[in-house]
Amino acid sequence: MIPYARQHISQDDIDSITAVLQSDWLTQGSVAPRFEQAVADYCGAKYAISTNSATSALHLACLAAGLGPDDRLWTSANTFVASANCGRYCGAQVDFVDIDPDTYCISPSALDKKLSEADASDTLPKVVIAVHFAGQSCDMQRLHALSQRYGFLLIEDAAHAIGGEYQQQKIGGCAYSDMTVFSFHAAKVITTAEGGMIVTNSAAYAEKLALLRSHGITRNPQHFICKSEGEWYYEQHELGYNYRMNEIQAALGLSQLQRLDEFVFRRRSLAACYQHLLDDLPVKLPWQHPDTNSAWHLYVIRIDAAENTRSRAEVYAVMKAAGIGVNVHYIPVHIQPYYRQLGFCWGDYPEAERHYQEVITLPLFFTMTDAQLNQVAEKLREALS
């Protein structure tokens, strides 16, 4: 079986983890802060806060943004459920925006139209989460202009996109956003098994995120409300969470980060090979906006039933039977049963729904060989014939 994703763990990664296991600190040591600083430096951001998952990172970002029960959060209809669930965790109303038919990211035009209507009815969102689908950045300059016009906070969900670039700058620099969230799930470009990170240029957000990540507790004497009673003293200021990344995860992440550019370079090379090998097939290949340079977390193609004798489901089954680990990204969030019971239904976001009905994710990972890539292309050609 050729999987759709596979992590690559080197001897340096194993040695880094072993060093932590042989140390006195399995959690709350010095490695997680070093990993945070390294990610911030890589992205060109001022602050980074690590977490035990990207989902908890999204939750914290929403809390730091002040999202609450009387507020609204909007995000792309084409994403994993966590991009929307983080708003529900805060008690906020969640709504969706349809996607651009070429990039499959949130459509700035659709967002502009929806904001104009919401402005007229006084129902503007407090937070918009822009999802960098498959590793390609959203059109952040246009989204930022809308955030300034309508007064909402803009969070980048870059779970797919560490190592990617927008306008020749690393994603995560937050030039056009308030915060950016990364994922280090095992299927992502670099991994900590599970884990996440929030980067920001705001000292206020960074302080709030660090507080909420660790039970709402501070050990900084400068922030104490009462007089310190000794070296052991700490204070809880808010009802926070235990969302910390441990030292084992951080050691793996810090080691993996050293090879991030190498990982992305190989992914870009594989994607370019797919573009060449599949160019003559009756499928829609990924399109890249000229302002972006994708990290290529995913390579997705679309199979239009009108142009093929076999449906997406039939092609999927043929590929699986041939030992090719294809996948589907994503079932639109609004048609999940949980969100349908909140009033959403088929037909609400037609571009995202059309994408879902046609899309297949082909295997793409750092150690994928040219022979494996050729095998995937050959089987796809057979499946479509």
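Colleague: How many bridges join strand β6 to β7?

Modeller: In this predicted model, strand β6, residues 165–166, is joined to β7 by 2 bridges, and the two strands run antiparallel.

Colleague: What is the bridge partner of glutamate 165 in β7?

Modeller: Glutamate 165 has lysine 170 as its bridge partner there.

Colleague: In what order do the strands of that open sheet come?

Modeller: The order is β7-β6-β12, an open sheet of 3 strands with antiparallel pairing. The edges are taken by β7 (169–170) and β12 (292–293), each of which pairs on one side only.

Colleague: Now to another sheet. What is the order in the open sheet of 7 strands?

Modeller: That sheet runs β1-β9-β8-β5-β4-β2-β3, and its pairing is mixed. At the edges stand β1 (47–51) and β3 (93–97); each has a single partner strand, so one side of each lacks a neighbour in the sheet. On average, neighbouring strands here are turned by 20 degrees against each other, direction ignored.

Colleague: In which sense do β5 and β8 pair, parallel or antiparallel?

Modeller: Strand β5 (residues 153–157) and strand β8 (residues 179–183) pair in the parallel sense, over 3 bridges. As one example, isoleucine 155 has methionine 179 of β8 as its bridge partner.

Colleague: Which strands does helix α2 lie across?

Modeller: Helix α2, residues 31–43, lies across β1, β8 and β9 (196–200), and its direction is at about 130 degrees to β1.

Colleague: Let us turn to helix pairs. At what angle do α3 and α7 pack?

Modeller: Helix α3 (residues 54–64) and helix α7 (residues 203–213) pack at about 125 degrees, and their axes are 9 Å apart. The two helices are therefore oblique to each other, and their crossing is right-handed.

Colleague: Which residues make that contact?

Modeller: From α3 there are Leu60, Ala61, Leu63 and Ala64, and from α7 there are Tyr205, Lys208, Leu209, Leu212 and Arg213. These residues of the contact of α3 with α7 divide into 7 nonpolar, no polar and 2 charged.

Colleague: And α5 with α6: at roughly what angle do their axes cross?

Modeller: The axes of helix α5 (residues 108–120) and helix α6 (residues 140–150) cross at roughly 10 degrees and come within 10 Å. An angle under 35 degrees counts as roughly parallel, and α5 and α6 are therefore roughly parallel to each other.

Colleague: Which residues meet there?

Modeller: Pro108, Ser109, Leu111, Asp112, Leu115, Ser116 and Asp119 of α5 meet Arg142, Leu143, Leu146, Arg149 and Tyr150 of α6. The residues of this contact divide into 6 nonpolar, 2 polar and 4 charged.

Colleague: Next, strand β13. Which way do its residues point?

Modeller: In β13 (residues 299–302), Tyr299 and Ile301 point one way while Val300 and Arg302 point the other way, and all are buried. In a regular strand, side chains alternate between the two faces of the sheet.

Colleague: How many bridges join β13 to β14?

Modeller: There are 4 bridges between β13 and strand β14 (residues 359–362), and the two run antiparallel. Arginine 302 stands opposite valine 359 in β14.

Colleague: One last residue. Where is the place of threonine 18?

Modeller: Threonine 18 is in helix α1, residues 11–21. With 31% relative accessibility, threonine 18 counts as partly exposed. Its C-alpha atom is separated by 11 Å from that of glutamine 249, although threonine 18 and glutamine 249 are 231 residues apart along the chain.

Technical notes. Residues numbered from 1 in each chain as written. Predicted model: local features only at pLDDT ≥ 70, side-chain atom pairs only at ≥ 80, totals over all residues. Heavy atoms only, no water. Axes fitted to C-alpha atoms, helices over the stretch in contact; angles between N-to-C directions. Parallel < 35°, antiparallel > 145°, perpendicular 65-115°, else oblique. Left-handed = near helix turned anticlockwise from the far one by under 90°. Contact = heavy atoms within 4.5 Å. Nonpolar A, V, L, I, M, F, W, Y, C, P; charged D, E, K, R; others polar. Pairing = 2+ DSSP bridges. Buried < 20%, exposed > 50% of the residue type's maximum accessible area, 1.4 Å probe, protein only.
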